[in-house]
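Dear colleague,

Please find the structure below, followed by a short account of what was found in it.

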Amino acid sequence: MTILAPPAFVNGRRMPNLWDGAAILCVLGVLVLVAHAAQGTLAPLPHPNATPIHLDPRYLPFYALRTTMRMFAALFFSGLFTLTVAPLAAKSRRIGLILIPALDILQSVPILGFLSFTVLFFMSLFPGRVLGAELAAIFAIFTSQAWNMAFSFYQSLTTVPRDLDEASRAFRLTTWQRFWRLEVPFAMPGLVFNTMLSMSGGWFFVVASEAVTVGNTTFLLPGIGSYVSVALQQRNLLAVFYAILAMLAVILIYDQLLFRPLVAWSAKFRFEMTSGGGVRDPWVLSLVRRTHLLRVMGEALGDFAARLGGLRLRVSVFAGLERRANPRVVDVLWFGFIGILVALALWRIVAFVAGTITLSEFGHVVLLGAYTLARVAAAIVICTLVWVPIGVWIGLRPRWAQLIQPIAQFLAAFPANLLFPVIVIVIVRFALNPNIWLTPLMILGTQWYILFNVVAGASAFPTDLKEASANLRVRGLLWWRRVIIPGIFPYYVTGALTASGAAWNSSIVAEVASWGHTTLTATGLGAYIAEATTNGNGAGIMLGVCVMTGYVFLLNRVLWRPLHAYAVRRLTF
Amino acid sequence: MDQIAPVEGKAAGELLVRVEGCRQSYHKEASADVIVLDDVNLSLRQGEIVGLLGRSGSGKSTLLRIVSGLLKPTAGEVRWRGKLLDGPAEGVAMVFQSFALFPWLTVEENVELGLEAQGVARAERHSRAEDAIDLIGLGGYENAYPKEMSGGMRQRVGLARALVVHPDLLLMDEPFSALDVLTAETLRTDLIELWSEGRLPVKSILIVTHNIEEAVLMCDRILVFSSNPGRVASELLVSFPHPRNRLDPAFRQMVDDIYALMTRRPVEPPKPLVAERGTVAAAPQRTTEPLPTVSTNLMAGLMETIAGEPYNGRADLPALANAFQMEADELLPIGEALQLLGFAVFEEGDIGLTDNGRGFVEAETDERKELFAAAARLHVPLIAQIKQVLEERWNHRAPALRFRDELEDHMSPDYAAATMRVVISWGRYGELFGYDQEADQFTLEDEDEKED
């Protein structure tokens, strides 16, 4: 499988520093501010003219289309955000200093917990209209995609090969030309890969954000997510089954029509001078390349893009400003500005905390976080024990790997929340302990990341090392310990950290599950946030989200990144 | 020596570039600036090919980037056609050592890039690119991607891309050093042929190289650089007509002379040629010289070669380089390392083994390691210092960071890192000390092993 790059957020073994602190305060400050603003409008909102959701499967294609449209709208905004914000951070040292840690922290914020605030915020912008809820859903998907795409682009921008950079300057390309001829193409493979990861995660959020309950009001947007939520209320198992089928079809189509061709196409931008092995074009790309009409259209589009990218524009808003002014003065002004921002954020947070949160409440929430942590850890360990041997077995057999790999990637994209009802029914039927048996839900969708990364790692394991270990008759436990585990470790870490990050986020929907009037609750941070959302308890949501952000952020910095850095340093070929 | 004469005011074409008092250094906190180039003057006229010849680290590539406007010198001024240079100038095009082709653009798109930047209309762009592609022998490859081509073909694309803008000055940064010997030779002769037939749309060429024969083969004038800091050590005029014959005795003599020039020791306190054991304390205090990045295998190999037939202890450098298909830049560092360790000396373009060197060649593995260890401690102050620190420490471990920091006060981080690698590798070979990569610490080898 050719698609493998680490997710964009795992660079270096940088430990938290002063800028992280500033960024944390700013992000939290903004969250508090949003929560505060939303709280005022929390109670009486005019009920939007909600379209009723029909459980008749004939409506499903339309719902699927609506869900997909939402997805692509969010993707469009994420792309826009990526192409504008990442260059700012990369080109201006001052902006980068604060923006990069901020993006890093935003990645750790569980957006699902914030859904109620954003819904209220957008509803208050467009009172009484569906547009508000629609925008809130799009925003939720956006927040699940934008950060790591922007990060990936930023990373590419800062690692443009020196000789190409010099060539583009020596031939006097303008900033605009340079952007489209050098920077965007160079970033393309990473960007496509991260977009794919984002989209995979995005289906989960789109399903979750279509049906949002705040207090007594439930906002339903026409879409697969609402369909499932209504089906759950009405205990209609058949409808749930239809929804799963519809989603499978949607993801299959999107995968075949969009992502396979896109990934194959982006291989052209890979920065390596050896031509890769003959990877066959996906059928859609061959179709475009072979069909005359489609090809002509494609070429016209490419031609237009080339002309646009070739325009001799000089975009230097910041560069010009920064060059002209005295750098010392600008520094003082900028850092002063950030200082004020941080102080303001600090003040808001302190005011908020002092007004609403007691120490014991805080302690309670941290303890709940520890429960969820234990659940995430257990889930990861179990998945590792199951999928690593299977992944290695598959990866070492190229024909199997070719077969399984696309399926694993496909399953990773499938929104696991659609499958929740099935498991919930089992738990209810057999009266199982929700504290234990709700745990699998968190990892249901993300375990595939572990599988397909391990398969990729085992397929990439060098043949000569395989032969050498066979020749030395290294077998059994020794083989696992000395040969294959170190060999796949970097891949495994990539998969596991993706899985664990997503598991936290899904705990908000996974620790509370309902079937008709039966509601199962596991004790944990996710359930706490979900509960606060249903009760319209803004301060509770705030606290829960902040504590979860803290857990995810610390876990990334203390565990995953050092592990990843170590793996890349010592265990890559 | 009659070909080698200082060049004074040779009236040629119009003055294109004038570099005066150029100095490039970069600032290091809390210590003196590290100087890369010091007081370099250069003028370039229309109609000549000028070579910048020197070892890696002599700042010749830096000078090329200063002339191109990619880099602003710390001090001194650069004038392009009489005007102060501010950023890459129109009329200057560059060919890169690594080709610097955009892998996502086809040959034609790569070639058109510079024209596109100038805003040349599409039709004209196309016809000019076509001309350049044909001139450089790339016809038929227009729609190929660089990754489908061989190194030689890629560099032809690099050349076409530079030529298509019809530059007054063509800058070439070690253009052939990434190619194999035969391919490089073909490209060189093609280029020179086009140049002497006046078919190249350029007025002057400035070429950076570390290949002595290449410089003598192509250039009208050669500036030989010395290292640390980079300075123009001498300026030579090459007056043979093109096409030049490598086997011409005068050509050979000139190559020989340049080898001698490049291995001439800098005017500094001479070191004892023969190492005397037990004088570690009196090691010369130049802790902070960059060490030649040479593996111990290469050193042993070269010493064995020189000791054996047909050289018998003393070899002519150009002959040695030819015999092993090595370029000066590969051969000289090995010799320099040997000279540093007191195993060999350079003399007028030759290299000869010292008594210690002969002793090394005749010894068995363990004895060799001991000889090497003694020489390293005696002649490489940094190694002596590390060893001493390790012996003094109670746990016989010392962080590598402090030594690296010390090096970085005097050289660029890249050189410091390279020097550290050499120190580690030499220390390991001589079994003087070990190095723990994860902890970034030096450690002492087991006591019982090293007590003799």
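**The sheet of chain B**

In chain B, four strands form an open sheet in the order 2-1-4-5, with antiparallel pairing; strands pair if DSSP finds at least two bridges between them. Strands (E, at least two residues) and helices (H or I, at least four) are DSSP runs, numbered from the N terminus. Strand 2 (34-45) and strand 5 (83-84) of chain B are the edge strands, each pairing on one side only. Eight bridges join strand 1 (residues 15-26) of chain B to strand 2 of chain B in the antiparallel sense. Opposite B:Q24 stands B:L37 in strand 2 of chain B.

This is a predicted model: local features need pLDDT of at least 70 and side-chain atom pairs count only at pLDDT 80 or more, while totals for chains, interfaces and linings use all residues. Residues are numbered from 1 along each chain as its sequence is written, and chains are lettered from A and ligands numbered from 1 in the order in which they are written.

**The domains of chain A**

The domain assignment, which is automatic or from a database, gives chain A domain 1 (60-270) and domain 2 (357-573). The C-alpha centres of these two domains of chain A lie 21 Å apart. To their contact (C-beta atoms, placed from the backbone, within 7 Å), domain 1 of chain A gives 29 residues and domain 2 of chain A gives 32 residues. Among the elements giving two or more residues to the domain 1 side are helix 7 (175-209) and helix 9 (237-266) of chain A.

Yours sincerely

Notes:
Contact = placed C-beta atoms within 7 Å.
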